[in-house]
Amino acid sequence: MAAGLAIVSVPAAMTVTLTADNLAALLRLATACAAVGLAFLYDDPAKPTTATAPAPAWHGVAIRTAIGSAVLAAWWAAALAVTLAGAQDGTGDLLPLRALTLEAAAIGALGPAAAVLAWRLAPRGVASPTAAPAVLVALAALAFAPRSAAFFVSVDGPDWTGAHQRLAAVLAAACLTTVVAAVPFLPRRSFTWSGSGATRASDRPAAPMRRGRGRR
C-alpha cells in the first residue's frame, strides 16, 4: 500500500500538469498495489493447530476482512486527497470520484477474494504465494479485456457507464467469493498435530473398541 501512495505522491509533488485520464490511471495502478498487499492479510501458518479450536475459522477471516476493508478505505481517502492536492489547472475537478471509488472497491476486493480462497485450499494456511499472483493475473485480464467489454476506459469515454456496470459485477462476484470461501458450508477438515506434521483426523485409523469385563 505504501507503494501505491508513492505512485500518486511523486507526480503530485512535481510541477507537471496531468490530464484527468493520467490521474485516473495513477489511481488505478495505486489501487492495484493495494489489492496485492491485501493478499498477504490472510496468511495463517498456525492453521493446522487452530483448525479444531472451538471458535469457527471464519471468525478470524471475518475480523481480518473487516480490518482490511477499513484500512483500504482509509488508504483510498488518503490517495484521493494526495491526488486532488497535486492536481493542477483544475484537472482534479474533472475526476468522477464516485465512479473511481467503485473502481477502487472492485480492484481492492480481488485481494481478499483470492487470499481467502487460497487460504481455504492451503493446508498450512499460507495464502499469499498463490493469492498475490492470482490478483495480478485477474487485474491483467481486466486491463486487457476486449474494447467491447472494457473495464477501464477514458474518463470522458462513451462506454464509461457500461464499464462501471461491469466493474460493479466484478465487485459483487469478488465479495461473494470471499463469503463462500470463508464460511464453511462444507464440513471443515479437522487437523491434529503430530511430530511428523499435520494430519487429518479422518485419515487416522479408528482405535479398536475394547470389550469391558463384566461383574461376576
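Ala-25, Arg-28, Leu-29, Ala-32, Ile-107, Leu-136, Leu-139, Ala-140, Ala-143, Phe-144 and Phe-152 line the second largest pocket. A pocket here is an open set of points on a 1 Å grid over the protein atoms alone, with protein on both sides within 12 Å along at least five of seven lines, and lining residues have an atom within 4 Å of a point. Helices α2 (20–38) and α6 each give two or more residues to this lining.

This is a predicted model, where local features need pLDDT of at least 70, side-chain atom pairs count only at pLDDT 80 or more, and totals for chains, interfaces and linings use all residues. Residues are numbered from 1 along each chain as its sequence is written, and side-chain values use heavy atoms, leaving out hydrogens and water.

There's also one cavity of 30 Å³ or more; a cavity is a set of points where a 1.4 Å probe fits but cannot get out. Among its 13 lining residues, Pro-11, Ala-12, Leu-18, Leu-23 and Thr-83 are the closest to the centre. Here's how the two spaces look, with volume as the space filled by probe spheres set on the points:

| Space | Volume | Lining |
|---|---|---|
| Second largest pocket | About 280 Å³ | ten nonpolar, no polar, one charged |
| Largest cavity | About 80 Å³ | nine nonpolar, four polar, no charged |

For these classes, Ala, Val, Leu, Ile, Met, Phe, Trp, Tyr, Cys and Pro count as nonpolar, Asp, Glu, Lys and Arg as charged, and the others, Gly among them, as polar.

Notes: Helix = DSSP H or I, 4+ residues; strand = E, 2+ residues; numbered from the N terminus.
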